[in-house]
Amino acid sequence: PAQALYAAAHGLALINHLIAQAPSRLSPSGLLLLEADARQHDALIKDATRHGFTHLETEGLALAFRLAD
């Protein structure tokens, strides 16, 4: 949706908000799967790590994270 594509913070505002909320909504060791432009992956990995996630894998546009115990 346009709201996600043209969000603040270089298009990352909504997905960063999702990452910040995810730990309180996932069970322990829960998975977070995201799809984003490859140019945004480094920033998303950094943000997810800051919120307690471990980066598991990147394939194409998809990123997989596990909530750290």
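Tutor: Strands are DSSP runs of E at least two residues long, and they are numbered from the N terminus. The model discussed here is predicted.

Student: Which strand holds Glu59?

Tutor: Strand numbers count from the N terminus. The run that covers residues 53-59 includes Glu59, and this run is strand β2.

Student: Is Glu59 buried or exposed?

Tutor: The cut-off for exposed is over 50% relative accessible area. Glu59 has 57%, so Glu59 is exposed.

Student: How far apart in space are Glu59 and Ala38?

Tutor: In sequence, Glu59 and Ala38 are 21 residues apart. In space, C-alpha to C-alpha, the separation of Glu59 and Ala38 is 9.6 Å.

Student: Where is Gly60, and is Gly60 buried or exposed?

Tutor: Gly60 sits in the loop between β2 and β3 (62-67). Its relative accessible area is 61%. That value is over 50%, so Gly60 counts as exposed.

Student: How far is Gly60 from Asp37 in space?

Tutor: Along the chain, 23 residues separate Gly60 and Asp37. From C-alpha to C-alpha, the distance between Gly60 and Asp37 is 9.0 Å.

Student: Which residue forms a salt bridge with Asp37?

Tutor: The whole structure has 2 salt bridges. In one of them, the closest N and O atoms are 2.7 Å apart, and the partner of Asp37 is Arg39.

Student: In which helix do Arg50 and Asp47 lie?

Tutor: The side chains of Arg50 and Asp47 meet in a salt bridge, with 2.6 Å from N to O. The two residues are 3 apart, about one turn of the helix. Both lie in helix α4.

Student: Are helices α3 and α4 roughly parallel or roughly antiparallel?

Tutor: Helix α3 (residues 13-25) packs with helix α4 (residues 41-50) at about 25°, the axes being 9 Å apart. Angles under 35 degrees count as roughly parallel. Therefore α3 and α4 are roughly parallel.

Student: Which residues of α3 and α4 make the contact?

Tutor: By class, the contact has 4 nonpolar, 1 polar and 1 charged residues. On the α3 side, Ile15, Asn16 and Ile19 take part. On the α4 side, the residues are Leu44, Asp47 and Ala48.

Student: What phi does Ser29 have?

Tutor: Most residues other than glycine have a negative phi. Ser29 lies in the loop between α3 and β1 (31-35). Ser29 is not a glycine, yet its phi is positive, at about 65°.

Student: In what order do the elements of the chain run?

Tutor: The chain has 4 helices and 3 strands. Read from the N terminus on, the elements run α-α-α-β-α-β-β.

Student: What share of the residues in the chain is buried?

Tutor: The cut-off is under 20% relative accessible area. The chain has 69 residues, and the buried share is 29%.

Technical notes: Residues are numbered from 1 along each chain as its sequence is written. This is a predicted model: local features need pLDDT of at least 70, side-chain atom pairs count only at pLDDT 80 or more; totals for chains, interfaces and linings use all residues. Side-chain values use heavy atoms; hydrogens and water are left out. Axes are lines fitted to C-alpha atoms, for helices over the stretch in contact, and angles run from 0 to 180 degrees between N-to-C directions. Angles under 35 degrees count as roughly parallel, over 145 as roughly antiparallel, 65 to 115 as roughly perpendicular and the rest as oblique. Contact means heavy atoms within 4.5 Å. Ala, Val, Leu, Ile, Met, Phe, Trp, Tyr, Cys and Pro count as nonpolar, Asp, Glu, Lys and Arg as charged, and the others, Gly among them, as polar. A salt bridge is a side-chain nitrogen of Lys or Arg within 4 Å of a carboxyl oxygen of Asp or Glu. Buried means under 20% relative accessible area, exposed over 50%, partly exposed in between (1.4 Å probe, protein chains only).
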